[in-house]
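This report goes through a few parts of one protein model, from its surface to a helix and then a sheet. Please keep the structure in view while reading.

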Amino acid sequence: MKVLKVIIKGITASFRYPLFISGYQPTLSVPPLSTVLGLLSAAAGKVIDQVDFGLAYNFTYEARAVDLETAYEIGDNLSFKTNVWRREFLFHPELTLYVTDLELRPIFEKPVFQLLLGRSQDLAQVAKIEEIELIQTSKAILKGCIVPADTPGAIGPLVSLPVMFDSHFPRKRLKADKFIIVDRECQIEYERNLYIDLAESRGVFLYEPEYFSQAG
């Protein structure tokens, strides 16, 4: 299968962990699908809430650390107070995207809006774009991705994560699902969705367009 492979790099990244509203803010070790679709929307200059292409990604980083940040807590009548939270972040993140629609290349060559890996200060840029061939397989070693909770052989934290939001304000969640965060190498055996990137010698889990159209 021929795909567009896009490598996106940054200095920091932070992906909010579900259920943590205030206080210490840990980060997910892999961005959820909604974050990746948000990044694609920023590059395209419009909200992508109808996905008609296959999508896969792997994510790596060099280290984890904790920073202090100011939070503004808004109350009644637009009153607010400030607080200081400890937030975990990832250092030198790298996101490798695989999309089956080769026509999306221009949005990565010249993104309309700034690309982010989480917060508004987590700036990112496209480091490389190329067309490659993904080889389908029934067995692969995965790391740095998320897979549906029922994926055989997947090992890692089980979390419920958003998949898609609409373009309205306040945003409405269109789909959510349960995932396993594969942040350590594990061997997956699956009859579909598994591919190999020969240049990286690693597996890729591809989300097909039908997945995004199903109600969550």
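In this predicted model, Y72, I74, L78 and F80 make a nonpolar surface patch of about 560 Å². One of these residues, L78, sits in the loop that runs between β4 (63–74) and β5 (80–91). Its relative accessible area is 72%, and because exposed means over 50%, L78 counts as exposed.

Helix α1 covers residues 33–44, which makes 12 residues. From its first C-alpha to its last it reaches 16 Å, close to the 16 Å expected at 1.5 Å a residue. Is this helix enclosed or open? Nine of the 12 residues of α1 are buried, so the helix is largely enclosed by the rest of the structure. Among the buried residues are L33, V36, L37, L39 and L40; S34, S41, A42 and A43 are buried too. After α1 comes G45, which has a positive phi, near 80 degrees.

Three strands form an open sheet in the order β11-β13-β12, and their pairing is antiparallel. β11 and β12 stand at the edges with a single partner strand each, so one side of each has no neighbour in the sheet. From one strand to the next, the twist averages 55 degrees.

| Strand | Residues |
|---|---|
| β11 | 145–148 |
| β12 | 158–165 |
| β13 | 173–182 |

β12 and β13 are joined by seven bridges in the antiparallel sense. For M164, the bridge partner in β13 is K175.

Conventions: Residues numbered from 1 in each chain as written. Predicted model: local features only at pLDDT ≥ 70, side-chain atom pairs only at ≥ 80, totals over all residues. Heavy atoms only, no water. Patch = residues over 30% accessible without salt bridge, like charges linked within 9 Å, V, L, I, M, F, W, Y side chains within 5 Å. Areas by Shrake-Rupley, 256 points an atom, 1.4 Å probe, with all protein chains shown as cover. Salt bridge = Lys/Arg side-chain N within 4 Å of Asp/Glu carboxyl O. Helix = DSSP H or I, 4+ residues; strand = E, 2+ residues; numbered from the N terminus. Buried < 20%, exposed > 50% of the residue type's maximum accessible area, 1.4 Å probe, protein only. Expected span 1.5 Å × (residues − 1). Pairing = 2+ DSSP bridges. Axes fitted to C-alpha atoms, helices over the stretch in contact; angles between N-to-C directions.
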